[in-house]
Structure formats: C-alpha cells, structure tokens
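Dear colleague,

I am passing the structure on to you with this email, and my notes on what was found in it follow below. Please keep the sequence and the structure open beside you as you read.

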Amino acid sequence: MSIIGKRGIHYLKNANIPPELLERGQNRVIDASLTLIRERAKLKGELLRALGGVKAASTLLGVPLGHNSSFLQGPAFAPPRIREAIWCGSTNSSTEEGKELNDPRVLTDVGDVPVQEIRDCGVDDDRLMNVISESVKLVMEEDPLRPLVLGGDHSISFPVVRAVSEKLGGPVDILHLDAHPDIYHCFEGNKYSHASSFARIMEGGYARRLLQVGIRSITKEGREQGKRFGVEQYEMRTFSRDRQLLENLKLGEGVKGVYISVDVDCLDPAFAPGVSHIEPGGLSFRNVLDILQNLQADVVAADVVEFNPQRDTVDGMTAMVAAKLVRELTAKISK
C-alpha cells in the first residue's frame with residue numbers, strides 16, 4: 001500500500017515488489033517527464049531562432065516543490081498562481097522599462113517539472129534534484145532560452161544553480177534576496193532543506209560570490225556558515241547604511257554570469273503577506289526593484305521562490321507581487 005511519510009515521500013510498505021521492477025518504472029516516468037521539457041524547449045528555441053533578433057529570452061520553468069519546507073508546504077502550489085497573475089487583465093503586459101511580455105522573444109514558457117508525479121513513483125530527493133538540474137540544462141541547450149524558475153520552496157535553488165554552473169562551465173555570482181540566509185549545514189537533518197540550499201551551492205563550488213540582501217532572521221550558525229563560505233551578508237538592520245552600495249551593484253566580471261534568487265519573504269509582509277515565514281522589517285517592493293533594475297550584470301538565470309498561495313490575501317495580492325518580480329527579472333534577462 002502507498003503511505004505518505006513525514007516529508008510527503010511516497011513509499012511501498014509490505015509489498016513484495018522486485019526493486020529492479022520499481023526502478024525501471026521510475027526511470028520511464030523520469031524519461032517521459034524530461035522528454036516533455038526537452039521537446040517544449042526545443043520548439044520554443046526553434047521558433048525564437050526563426051524569428052531572429054534575440055540574444056536571450058526569459059523562459060519560465062515551474063518547479064512545484066514544497067516538501068523540503070521546514071514549516072508549510074504551500075509553495076508547491078505557486079507556479080500556476082504566478083502565471084495566472086502575470087497575465088491578469090488588471091494590469092498590462094509591459095515591464096517598467098517597456099519590454100512587452102507578449103513578445104515571445106522576451107518571455108516564453110516550457111511548463112513545469114512534474115514534481116509530485118515523480119515523487120508518487122517513490123523517487124527520492126537525490127534523483128529528484130537530478131531531474132530538476134537536467135530540466136534546467138535542457139532549457140539552456142536551446143539558444144537563446146535562459147531559465148527563470150518558478151518555485152516552489154527555496155530548496156530548488158540548489159539543483160538550478162548547479163545546472164547553470166555545470167552547463168556554463170564554471171561558477172556564477174549570485175544575488176540572493178531573502179529574510180533568511182538559507183545556509184544551515186543540514187537543517188532538521190535534511191540536507192535538501194529549503195534552509196540549507198546555499199550551503200549545498202557553496203560546497204559544490206557553483207558560486208564565486210554570494211551576496212545575501214534583506215537578511216533579518218539569522219542565527220549564530222547562519223553567520224558562522226556565512227564566514228566559512230565568504231558570503232557577503234547585508235542585514236536589514238544596516239540597510240540604510242548599505243543602500244547606496246546595493247542599489248549600484250556590478251557583478252559577474254570574471255565568471256560565467258550572474259544568477260538572481262528572490263525569496264518573496266525578502267519583502268516586508270506589508271507588501272507580501274502570502275509567504276510561509278512572515279518576518280517583519282523587510283525590504284519595500286521599490287527597494288527590491290531599485291536593486292534589480294540598477295544591477296549591472298549579465299543575468300544568465302533566476303528564480304522566484306517561497307510564495308505560498310495558501311497564506312495569500314483573498315484578492316491574490318502576493319501572487320501579483322510575485323508576478324511583478326517575474327516581469328522585472330524578465331526585463332533583466334531578455335535581450
């Protein structure tokens with residue numbers, strides 16, 4: 001019979017099933033999942049190359065994963081809500097600098113990694129993280145597509161950054177906006193916890209510089225891990241002093257590019273109440289846009305994570321905030 005464990009992992013109990021039979025079935029499901037991502041990316045890449053006039057197109061890839069959250073698992077439901085808000089009729093389809101999202105050379109979409117369907121087959125997190133990495137690589141293989149990943153909890157950043165670094169052949173610089181540093185060695189015994197994603201990234205050598213901005217919930221271990229990995233941590237208690245520097249960043253020189261990871265809870269909950277971990281004293285939405293829009297960098301990929309639709313307002317306020325973040329990241333990536 002099928003049972004759900006503590007973290008939602010499905011497994012077979014009291015069933016006399018040969019392991020090789022289960023593994024073959026899992027492999028078929030994984031292959032089918034990757035085939036759909038591959039073919040959608042190939043189609044979008046072919047169309048954009050035929051259209052011409054584009055060097056980089058922001059490409060949505062959803063990763064609806066929530067089981068590595070230490071508190072609530074609602075971020076698994078975020079990708080469709082973000083997409084719905086992107087195309088909501090209450091606003092137009094332009095970015096602030098005037099790029100049109102209706103133009104596929106600016107924004108395209110290859111769908112979601114079917115996380116729950118894969119986990120329902122008993123696939124563990126080691127293999128699931130590999131599937132996410134491989135999905136990102138399939139997008140990057142199709143020039144001019146560049147992945148903009150919709151989470152999901154923050155655990156997805158590890159396999160995504162790993163894929164970007166491996167595909168580009170070297171480390172990237174990372175701009176990470178968050179209330180938390182997410183750099184615990186192994187939070188609650190889970191090496192893939194959303195609170196440990198940047199420890200895995202730094203251990204793997206996938207980032208040269210890691211700048212963390214908006215931090216206001218950090219423990220002794222978070223600071224020690226930051227020092228261990230040489231992380232540049234900018235806490236909200238000193239934001240007024242650091243603001244000019246953060247609004248004039250220049251990153252990526254000497255590496256393969258810049259990756260941006262935006263945890264929606266970097267924002268003060270007055271702007272984004274629909275998050276699992278509500279942490280007052282955060283960035284305003286304009287603070288975030290000023291940092292992103294003034295950043296001098298070749299942005300090769302990005303993610304927006306930790307929006308929890310189950311805690312959003314009735315009118316979907318945080319969904320619109322997440323969608324606006326996607327819009328402005330799209331403006332940064334596309335060219």
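In which loop is Gly152 found? Gly152 is found in the loop between strand E5 and helix H5, the helix that spans residues 157-168. Please keep in mind throughout that this is a predicted model.

**Backbone**

The peptide bond that runs from Gly151 to Gly152 is cis, with omega near 10°, and the bond from Asp143 to Pro144 is also cis, again with omega near 10°. Pro144 sits in the loop between H4 and E5. As background, most peptide bonds are trans, and most residues other than glycine have a negative phi. With that in mind, two further residues deserve a look. Asp182, in the loop between E6 and H6, has a phi near 50°, a positive value in a residue other than glycine, and Asp182 is buried, with a relative accessible area of 8%. Glu306, in the loop between strand E10 (299-305) and helix H10 (317-333), likewise has a positive phi, near 70°, and Glu306 is buried at a relative accessible area of 3%.

**Salt bridges**

Side chains of opposite charge can pair when their charged atoms come close, and a search of the whole structure finds 22 salt bridges. One of them joins the side chains of Arg49 and Glu142, at 3.2 Å from N to O. This pair links distant parts of the chain, since Arg49 belongs to helix H1 (residues 19-51) while Glu142 lies in the loop between helix H4 (125-140) and strand E5 (145-151), 93 residues apart. Are the two partners buried or exposed, or something in between? Arg49 is partly exposed, with a relative accessible area of 42%, whereas Glu142 has a relative accessibility of 15% and therefore counts as buried, the cut-off being under 20%.

A second salt bridge joins Lys191 and Asp126, at 3.4 Å from N to O. Lys191 lies in the loop between strand E6 (172-177) and helix H6 (197-203) and Asp126 lies in helix H4, so this pair ties together parts that are 65 residues apart in sequence. Lys191 is partly exposed at 40% relative accessible area, and Asp126 is partly exposed at 36%. Salt bridges that share partners also join Arg83, Asp109 and Asp112 into one network. Asp103 and Arg105 form a further pair, at 3.0 Å from N to O, in which Arg105 counts as partly exposed, at 33% relative accessibility.

**Pocket and surface**

Which residues lie nearest the centre of the largest pocket? They are His180, Asp182, Tyr184, Ala195 and Ser217, from a lining of 18 residues. By class, this lining has six nonpolar, eight polar and four charged residues, and the pocket holds about 240 Å³ of space.

Leu21 lies in helix H1 and is partly exposed, with a relative accessible area of 45%.

**One distance**

Ser197, in helix H6, counts as buried at 2% relative accessibility. The C-alpha atoms of Ser197 and Leu295, which are 98 residues apart along the chain, are separated by 23 Å.

With best regards

Technical notes:
Residues are numbered from 1 along each chain as its sequence is written. This is a predicted model: local features need pLDDT of at least 70, side-chain atom pairs count only at pLDDT 80 or more; totals for chains, interfaces and linings use all residues. Side-chain values use heavy atoms; hydrogens and water are left out. A salt bridge is a side-chain nitrogen of Lys or Arg within 4 Å of a carboxyl oxygen of Asp or Glu. Helices (H or I, at least four residues) and strands (E, at least two) are DSSP runs, numbered from the N terminus. Buried means under 20% relative accessible area, exposed over 50%, partly exposed in between (1.4 Å probe, protein chains only). On a 1 Å grid over the protein atoms alone, a cavity is a set of points where a 1.4 Å probe fits but cannot get out, and a pocket is an open set with protein on both sides within 12 Å along at least five of seven lines; lining residues have an atom within 4 Å of a point. Grid points are joined across faces, edges and corners, and a volume is the space filled by probe spheres set on the points. Ala, Val, Leu, Ile, Met, Phe, Trp, Tyr, Cys and Pro count as nonpolar, Asp, Glu, Lys and Arg as charged, and the others, Gly among them, as polar.
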